[in-house]
Amino acid sequence: MKFFIDTANVKEIESALSMGLINGVTTNPSIIAREGKEFIATMKEISALIGPENYLFGEVIALKADEMVKEGRELVKLHKNFVVKIPMCAEGLKAVKQLSAAGIPTCVTLCFSVPQALLAANAGAAYVAPFIGRIDDIGWNGTQLISEIKEVFDAHGIATKIVAASTRHPVHIVDIAMLGTHIATVPFKTLLQLIEHPLSKSGLEKFLQDWESVPKK
Ligand code: G3P
């Protein structure tokens, strides 16, 4: 399972890259707003930072299919591996159909059900992003949704990749990895949590403590 960092914060991206943790960066309008900087300038900065081998996901703002397509065609110029995020709605599906016909990869975002995931795949989306944390927030089960989408996609030989979005904690990551999810989009805080284990910490402390008794030259 690949990890994409869910942020537009340059320091967080740099840090995750330096540890070899990520293969891409995912953004949405809320994530962009958090940085307080202009959208395209921010995306250009991230594009230069991550290099051509990684992926960059950015979302359209338009609500009409033709305008989404226009925006998508511009956004895709920002990076070699750019994926255009399109919100799940009727106009969005029209845009996905047109963009995929033009060879532009799309990710249908704000996906909250199996039928939505199927429609996105049928429209030609290269990726679909179910928001598992937000499903949990309303008392449903986000991991269960990933499991159902995976089963349906596998049963029908659908190649659309599942990007588990809105992950909030390490248990989400373990659960979706065990399901064979292709990509997890993860906040920086959660990436750091994945590194930690109390036994790694205490084990290192003990090694260093014991090292003190090793005779030195
Ligand atoms: O990229 C979409 C996403 O991961 C949203 O996460 O925490 O706002 O539900 P969150």
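Mentor: Helices (H or I, at least four residues) and strands (E, at least two) are DSSP runs, numbered from the N terminus. Serine 166 falls in the loop between strand S7 (161-164) and helix H9 (170-178). The model is predicted, so local features need pLDDT of at least 70 and side-chain atom pairs count only at pLDDT 80 or more, whereas totals for chains, interfaces and linings use all residues. Residues are numbered from 1 along each chain as its sequence is written, and side-chain values use heavy atoms, with hydrogens and water left out.

Trainee: How many helices and strands does the protein have?

Mentor: The secondary structure comprises 11 helices and 8 strands. Along its principal axes, the C-alpha trace spans about 75 × 40 × 30 Å.

Trainee: Is serine 166 buried or exposed?

Mentor: Buried means under 20% relative accessible area, exposed over 50%, and partly exposed in between (1.4 Å probe, protein chains only). Serine 166 counts as buried because its relative accessibility is 11%. Its phi is near 60°, a positive value in a residue other than glycine. Of the 217 residues in the protein, 44% are buried.

Trainee: Which value of phi does leucine 110 have, and where is leucine 110 placed?

Mentor: Leucine 110 is not a glycine, yet its phi is positive, at about 60°. The residue belongs to strand S5 (residues 106-111). With a relative accessible area of 32%, leucine 110 is partly exposed.

Trainee: Which residues surround the ligand?

Mentor: A residue is near a molecule or strand if one of its heavy atoms lies within 4 Å of it. Around the ligand are Asp6, Asn28, Lys85, Phe131, Arg134, Ala165, Ser166 and Arg168.

Trainee: What is the distance from an oxygen atom of the ligand to the side chain of aspartate 6?

Mentor: A polar contact is a pair of N or O atoms within 3.5 Å; within protein, one must be able to donate a hydrogen and the other to accept it, and residues adjacent in sequence count only if both atoms are side-chain atoms. For aspartate 6, an N or O atom of the side chain is 2.4 Å from an oxygen atom of the ligand. Arginine 134 places a polar side-chain atom 2.7 Å from a ligand oxygen, and for the side chain of arginine 168 the distance from an N or O atom to an oxygen atom of the ligand is 2.9 Å. The ligand taken alone exposes 310 Å², of which the protein buries 84%. Such accessible areas come from the Shrake-Rupley method with a 1.4 Å probe; for residues, only the protein chains shown count as cover.

Trainee: Where is threonine 27, and which residues is it in contact with?

Mentor: Contact means heavy atoms within 4.5 Å. Threonine 27 lies in the loop between strand S2 (24-26) and helix H2 (29-35). Leaving aside neighbours within four places in sequence, its contacts include Thr7, Ile32, Phe57 and Lys85. A polar atom of the threonine 27 side chain is 2.9 Å from the backbone oxygen of phenylalanine 57. Threonine 27 is buried because its relative accessible area is 0%.

Trainee: What does threonine 143 contact?

Mentor: Threonine 143 is in helix H8 (residues 142-155). Beyond neighbours within four places in sequence, threonine 143 is in contact with Ile132, His172, Asp175 and Leu179. Threonine 143 and aspartate 175 are 32 residues apart along the chain, and their C-alpha atoms are separated by 6.8 Å.
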